[in-house]
Every structure is written in C-alpha cells, then in structure tokens.
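Student: I'd like to learn how to read rings, charges and helices in a model like this. Can we go through it together?

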Amino acid sequence: MEITHIRAGALADPAVDVLLDEIVDFDRRINRALGYGEDFDPLPGSVRSKLVRTDEFTSHEIWLGRVDGRLVAKAGAYLSLQDNTDVADVYAGVLPERRRSGLGTELLTVMERHLGDAGRTRLNAWCEVPAADFDADPRRPRIAAAAGTGSLPAERAEVAFALRRGYGLQQLERCSVANIQDSTPGAQGSSPGSVGSSPGNWATRLGETERSAAGVGDRVGADEGYVIRTWAGPAPHEHVQSIALLRQRMSTDVPGAADLQDEEIWNPARVRALEADREQAGGRTQTALALHDGEGVGFTEVVSYAQRPHVAFQGATLVVREHRGHGLGARLKSSNHAALLEGSEVERVYTWNAAENSWMLAINERAGFEVVGWVGLWKKILA
Ligand SMILES: CC(C)(COP(=O)(O)OP(=O)(O)OC[C@H]1O[C@@H](n2cnc3c(N)ncnc32)[C@H](O)[C@@H]1OP(=O)(O)O)[C@@H](O)C(=O)NCCC(=O)NCCS
C-alpha cells in the first residue's frame, strides 16, 4: 500500500478539490458499512475544512493508503497545538471489501510512529456501534469500559482491531436523536430519519422557560435570577469571555474527560478561531448561555450545516458545579431548541453523552431522545 501523509493547509487548492470527492466518497462508504444513514454521511464543507484549515490552536493530519491508485484506507489525527501537545485524537478506516488483509494495521502503524516521533504519545481513538448490534444477543462476549459503565461486543471488527493494536476501552458514549419539530403524540421510530417523539412540542417538554420582557433572544428562568440568552452564529462580544471560560471548564468537568486529556486553555481568540472554523465548513451554531449576576454559569450549543440543514449535532453542554441542581441544563437545552425551531430548518438533533452521565441522560430521556448507537472511546499510551 502506498501511504501519503498530508498536513492541513499543505495542499494547494486544485489538489484539495481533486482529493475532496475521493475522501467524501470514502467516508460515505465507511459510514454506510457501519449501518448509519445519510444524516451521518460526510459533509463536503467539513472534509474540506479539515484539509485546508489550520490555526494557532488546532490542526488535522491525514494518512491516505492507496492500492493501484485507489484510496482504500484512511487515518486521521486531530491535534491541539497550545495544550495537550502530547495527545492526538485518532481514527482509522478501511474500505469494507479490503478489510482483514492487514491494511488497517499498516496504516495505523505508520500514523502512530509519526505521532510518537512528534511527541504525541497519548492517543485517543473512537469506534461506533449501531444500537441494533449493541443490543443484539446479550450472551456474546463483551469488553467492559474502564470508566465502569457499559461494554462493547468483543467480536465486532473495530473492537477486536483496537484491542489487537493495544488500545484499552476507556468509556462509552450514547448517541441519541430527537425530532424537535414533531409534536405528534406517540410517534415511534429508532433509526436516523424516522425519529419518534413523546407528546407535546419538544421544546416545551423539559420544563418551561418564559420569554422575557427584555426582548427576543433573552429568556428568564422562572426563579433564582438566572437569565438565559440565545443567539445564532458568533458569540456577542459581551459574552465571548464567558464562553471561553466555560469551554475551558468543559474540557475537564464532564465525566471521563480528565482520563483522556488535560485541561484545555481557552481565551476569546480561540473561541473566535473555532467559530471561523465552523463557518468555513458551512456550520451554523445555535447557543444558549445562562447568566447569573451577569456571569456566564452554563451554556449549550447545537451545530447544523448548510449542506444538510435539517440535521443538527449537539456540541458542548455545561453547567458549572456551583450552579448545578437548579434545572439549568434542561432550561438551557429547551431555550436553545426553541430558538432552533424559530430560526432554522433543523428537524433532528443528535447528541452524545457519557454512559455514566446519568444526569444528562435523564434530561435527554425526558426530552424524548431515542438511542441510535454507542461510541467506544479508546486510549493508548505509546511506549
Ligand atoms: C477497524 C478496521 C480499521 C480494521 O481494518 P483492517 O484492515 O480490516 O484490519 P487488519 O486486517 O489490519 O486487522 C488487524 C487485526 O485486527 C483484528 N480484527 C480486524 N477485523 C476483525 C474482525 N472482523 N473480526 C475479528 N478480528 C478482527 C484481528 O486481530 C486482525 O488480525 P488478524 O487478521 O491477523 O487476525 C476496519 O474494520 C474498519 O475500517 N472499520 C470501520 C472504521 C472504524 O470503526 N474504525 C475505528 C477503529 S478503532
């Protein structure tokens, strides 16, 4: 196999255009082989952004494996440049018809050697398992997650591969979806594209927030003096510092995060760089921020893309420890989804939560989310 290593930003535009179609087709095949539908197909804007965009905070690198000129295997690494400089988030895939002939091992070995030489010795990888296979035949051998909650079927290719390559299963995340438009009582469905919902308008199910007299975009909690502010696109200037602080807290304050990486360092410039990154990929970010005495104490965000505007992905959600237990998580989410209903074409929102994060899972269950699949988070320390 011929292996090419490409750093984000290294290729000239014409070369990017040629590669883009090839990579989008490759990623789509990997996705469909997993059993996921078009909601999870690659978005050309995001793929392009990973090829061309780098800033002082983050970068991407990819390794492409070709046989007879055809792209048959691909590996990638996401790198943080200011903090966690010994960490890399990695993923590898091989075309279904070329599996089990050593290509995955060959590509991963090259990527790991390169990352290790660059001092990236803490590797975090992930794999996906659709709900139908996760739940099938409970007597199958399973691998338990080190975090203590949940396990994955041991004989699945990704699980066997990761174990064989020396990765340990650290944690599970549950991926679930809600149809935020559907208010049909009792509608059912469990696969992407046929999503059920419990009765009532989705955004009102979590326990209401009231529209404030302060104007569109400001919602006030019924008590305790919390104000929830919502917006689409870049953070308003007066809130960018709050968002930076909350993102920094988020990097270690969610279950399991501290086992995978050190605290991230965030400032307004890094928030702006992330916003620019998403915008370049055709992303639209809808944010809700909780304020208490003018200070940001929690936030939630959902990202959708112009190329597939009916589908959105839940990003970060955090309520800082000192303000937990006041129903703020639910209020943030319901405010944000109400704003999505008003101002976007989004129909479905996908979210990922740690299996042991019972607080967040309970909020999502009350909101009518249905399980789509599970993500295994793997960890390897290079010698
Ligand atoms: C995981 C994946 C990359 C493996 O690629 P591959 O080229 O088939 O892997 P290899 O041929 O190098 O396999 C190496 C070892 O992994 C294990 N393995 C891989 N696939 C397996 C399977 N279907 N069943 C059991 N063991 C398997 C075996 O131990 C194998 O060694 P062996 O063939 O000598 O027994 C491929 O299945 C894939 O693309 N899956 C979808 C993408 C994905 O989930 N990636 C996340 C990886 S953590």
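This is a predicted model: local features need pLDDT of at least 70, side-chain atom pairs count only at pLDDT 80 or more; totals for chains, interfaces and linings use all residues.

Student: How far is Arg247 from the ring centre of Trp266?

Tutor: Arg247 lies over the face of Trp266 at 5.4 Å from the ring centre. Arg270 lies over the face of Trp266 too, at 4.3 Å from the ring centre.

Student: Where does Arg270 belong, and is it buried or exposed?

Tutor: Buried means under 20% relative accessible area, exposed over 50%, and partly exposed in between (1.4 Å probe, protein chains only). Arg270 is one of the buried residues of α8, along with Val271, Ala273, Glu275 and Arg278. Helices (H or I, at least four residues) and strands (E, at least two) are DSSP runs, numbered from the N terminus.

Student: What span does α8 reach?

Tutor: The expected span of a helix is 1.5 Å times one less than its number of residues. Helix α8 (residues 268-280) has 13 residues and reaches 18 Å from its first C-alpha to its last, close to the expected 18 Å. Just after α8, Gly282 takes a positive phi of about 85°.

Student: Now, how do I read a pair of rings?

Tutor: A pair of aromatic rings is described by the distance of the centres and the angle of the planes. Rings of Phe, Tyr and Trp (its six-membered ring) pair if their centres lie within 6.5 Å; planes under 30 degrees apart count as stacked, over 60 as edge-to-face and the rest as tilted.

Student: How many aromatic pairs does a search of the whole structure find?

Tutor: The search finds 8. In one of them, Phe134 and Trp374 have ring centres 4.5 Å apart and planes at 15°, so this pair is stacked. Phe134 lies in helix α4 (residues 131-135) and Trp374 in strand β18 (residues 370-381), so the pair ties together parts that are 240 residues apart in sequence. Phe134 is buried, at 10% relative accessible area, and Trp374 is buried at 14%.

Student: Why is the pair of Phe313 and Tyr350 called stacked?

Tutor: Their ring centres are 5.9 Å apart and their planes are at 25°, so the pair counts as stacked. Ring pairs also link Phe313 and Tyr350 with Tyr36, Phe40 and Trp352 into a cluster.

Definitions and conventions
Residues are numbered from 1 along each chain as its sequence is written. Side-chain values use heavy atoms; hydrogens and water are left out. A charge sits over a ring if NZ of Lys or CZ of Arg is within 6 Å of the ring centre and within 35 degrees of the ring normal.
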